[in-house]
Amino acid sequence: MKTRIGFGYDVHRLDDGHHLIIGGIQIPSDKGAVGHSDADVLIHAICDALLGAANLGDIGHHFSDQSAEFKNIDSSILLKRVDKLLKEKHYTIGNIDSTVCLQSPKLASFIPLMKEKLASVLGIDTDDVSV
């Protein structure tokens with residue numbers, strides 16, 4: 001089977017009155033990400049990378065921000081649906097390498113939890129997930 005590599009990128013504005021969810025983990029913060037779903041930038045970028053690698057479009061194509069179905073949805077659910085799409089096309093995930101750009105709050109102590117969450121949703125080993 002040939003190896004395919006995807007690249008995903010996502011940005012959300014931070015504002016008061018919102019939760020900050022990154023990699024499926026709620027991060028204590030004075031500000032949170034604003035979006036139609038839970039605005040989890042890490043999961044959104046991973047979804048785009050996986051969909052792109054499989055030539056299946058992007059996250060907006062599959063989960064429109066105009067749809068009430070996805071309003072405030074847990075992005076882990078979207079990631080699980082992307083995994084199902086990949087499996088239907090007989091793709092498997094070799095590994096995930098991801099980067100979060102954020103000045104504050106610091107994320108280092110949450111990375112092990114993020115890796116566990118992402119690996120669990122995708123049914124892969126935590127050693128195959130890098131954040």
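Contact here means heavy atoms within 4.5 Å. Helices (H or I, at least four residues) and strands (E, at least two) are DSSP runs, numbered from the N terminus. This is a predicted model, in which local features need pLDDT of at least 70 and side-chain atom pairs count only at pLDDT 80 or more, while totals for chains, interfaces and linings use all residues. Residues are numbered from 1 along each chain as its sequence is written, and side-chain values use heavy atoms, with hydrogens and water left out.

**Helix α1**

- Start with α1 (41-53), where 12 of the 13 residues are buried, so the helix is largely enclosed by the rest of the structure.
- Buried means under 20% relative accessible area, exposed means over 50%, and partly exposed lies in between (1.4 Å probe, protein chains only).
- The buried residues of α1 are Val41, Leu42, Ile43, His44, Ala45, Ile46, Cys47, Asp48, Ala49, Leu50, Leu51 and Ala53.
- Their cover includes β2, α2, α3, β5 and α4.
- The end C-alpha atoms of α1 are 18 Å apart, which agrees with the 18 Å that its 13 residues should span at 1.5 Å a residue.
- That expected span is 1.5 Å times one less than the number of residues in the helix.

**Helix α4**

- Helix α4 covers residues 111-122, and its 12 residues reach 16 Å from the first C-alpha to the last, close to the expected 16 Å.
- Which residues of α4 are buried? They are Met114, Leu118, Ala119, Val121 and Leu122.
- Looking down the axis of α4, you find these buried residues within an arc of 160°, so they line one face of the helix.
- The arc is that of the directions from the helix axis to the C-beta atoms.
- As background, an α-helix has 3.6 residues a turn, so residues three or four places apart point the same way.
- Among the elements that cover the buried residues of α4 are β2 (20-22), β3 (25-27), α1 and α3 (75-88).
- Just after α4 comes Gly123, with a positive phi of about 70°.

**Salt bridges**

- A salt bridge is a side-chain nitrogen of Lys or Arg within 4 Å of a carboxyl oxygen of Asp or Glu.
- How many salt bridges does a search of the whole structure find? The search finds 5.
- One of them joins the side chains of Arg13 and Asp15, at 3.1 Å from N to O. Arg13 is exposed at 51% relative accessibility, and Asp15 is partly exposed at 28%.
- Another pairs Asp16 with Lys31, whose closest N and O atoms are 3.6 Å apart. This pair links distant parts of the chain, 15 residues apart: Asp16 is in the loop between β1 and β2, and Lys31 is in the loop between β3 and β4 (32-33).
- Asp16 is partly exposed at 49% relative accessibility, and Lys31 is partly exposed at 37%.
- The side chains of Arg81 and Glu69 also meet in a salt bridge, at 3.1 Å from N to O. Here too distant parts of the chain are linked, with Arg81 in helix α3 and Glu69 in the loop between α2 (59-62) and α3, 12 residues apart.
- Arg81 is partly exposed, with a relative accessible area of 33%.

**Backbone details in the loops**

- The peptide bond from Ser104 to Pro105 is cis, with omega near 0°. Pro105 sits in the loop between β5 and α4.
- Ala39 is not a glycine, yet its phi is positive, at about 60°. This residue lies in the loop between β4 and α1.
- Is Ala39 buried or exposed? Ala39 is buried, with a relative accessible area of 1%.
- Asn55, also a residue other than glycine, has a positive phi near 55°. Asn55 is in the loop between α1 and α2 and is exposed, with a relative accessible area of 62%.

**Leu102 and its contacts**

- Leu102 belongs to the loop between β5 and α4 and is partly exposed at 30% relative accessibility.
- Leaving aside neighbours within four places in sequence, Leu102 is in contact with Leu14, Leu20, Ile22 and Leu107.
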